[in-house]
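I opened the model today and went through it piece by piece. These are my notes, in the order I looked things up.

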Amino acid sequence: QVQLVESGGGLVQPGGSLRLSCAATGSIFSIYAWYRQAPGKQREFVAHITRVGSTVYTDFVKGRFTISRDNAKNTVYLQMNSLKPEDTAVYYCRTSGPTNDYWGQGTQVTVSS
């Protein structure tokens, strides 16, 4: 059974930084992604990373967020810098197996002064 557990969220001032972690147990798949969902909005893609480290980012985080992974620890990270109030959301980790999608429980990120 695949489990994804996110951590690292919290309250930060505009311009600040946070690093989110997603620890995976069970089967380990190639691609891991971060999504986010703001209140009243649909869940949206943020970034993904392959097992060999290839990355894709959505436009609104390019240059501010960095996704990385430690394959030995089965953990994926999202370093978030220059945070803005509009980055406030619940951040979710996701991976996909042959027949299923797996999501973590999410971690809240609040950017506010």
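I began with S21, which is found in strand 3. This is a predicted model, so everything below is read from a prediction. Is S21 buried or exposed? Its relative accessibility is 16%, and the cut-off for buried is under 20%, so S21 counts as buried. I then listed its contacts, leaving aside neighbours within four places in sequence. S21 is in contact with V5, E6 and S7, with W34, and with T75, V76 and Y77.

I found an open sheet of 4 strands, in the order 1-3-8-7. The pairing is antiparallel. Which strands stand at the edges? They are strand 1 (3-7) and strand 7 (65-70). Each has a single partner strand, so one side of each is left without a neighbour in the sheet. I also looked up the angle between neighbouring strands. On average they are turned by 15° against each other, direction ignored.

A reminder to myself on what holds such strands together: strands of a sheet pair through backbone hydrogen bonds, either parallel or antiparallel.

**Strand 8 and its two partners**

I took strand 8 next, residues 75-80. On one pairing, 6 bridges join strand 7 to strand 8, and the two run antiparallel. I noted two residue pairs here. D70 stands opposite T75 in strand 8. S68 has Y77 in strand 8 as its bridge partner.

The other pairing I checked is with strand 3. Strand 3 and strand 8 are antiparallel too, over 6 bridges. Here R19 stands opposite Q79 in strand 8.

How many residues of strand 8 are buried? I get 5 of its 6, so strand 8 is mostly covered.

**The turn between strands 7 and 8**

Strand 7 and strand 8 form a hairpin, with 4 residues between them. I looked at N74, which lies in the loop between these strands. Its phi is near 50°, a positive value in a residue other than glycine. I flagged it for this reason: most residues other than glycine have a negative phi. N74 is partly exposed, with a relative accessible area of 30%.

I found a second case at S82. S82 is found in the loop between strand 8 and strand 9. It is not a glycine, yet its phi is positive, at about 50°. S82 is partly exposed as well, with a relative accessible area of 42%.

**The disulfide**

How many disulfides are there? The count comes to 1. The disulfide joins C22 to C93, with an S to S distance of 2.1 Å. The pair links distant parts of the chain, 71 residues apart. C22 is in strand 3 (residues 18-25), and C93 is in strand 9 (residues 89-96). I then read the torsion about the S-S bond of C22 and C93. It is about -80°, so the disulfide is left-handed. Both C22 and C93 are buried.

**The largest nonpolar core**

I turned to the largest nonpolar core, which has 28 residues. Which members touch the most other members? They are W34, L78, M80 and Y91. Strand 3 gives the most, with 4 residues.

Last, I checked V2, which is found in the segment before strand 1. V2 is buried, with a relative accessible area of 8%. What does V2 touch, not counting residues up to four places away in sequence? The list is T25, G26, S27, F29, T95 and Y102. I also took one distance from V2.

Conventions
Residues are numbered from 1 along each chain as its sequence is written. This is a predicted model: local features need pLDDT of at least 70, side-chain atom pairs count only at pLDDT 80 or more; totals for chains, interfaces and linings use all residues. Side-chain values use heavy atoms; hydrogens and water are left out. Two strands pair if DSSP finds at least two bridges between them. Axes are lines fitted to C-alpha atoms, for helices over the stretch in contact, and angles run from 0 to 180 degrees between N-to-C directions. A disulfide is a pair of cysteine sulfur atoms within 2.5 Å. Buried means under 20% relative accessible area, exposed over 50%, partly exposed in between (1.4 Å probe, protein chains only). Contact means heavy atoms within 4.5 Å. A nonpolar core is a set of buried Ala, Val, Leu, Ile, Met, Phe, Trp, Tyr and Cys residues joined through side-chain atoms within 4.5 Å.
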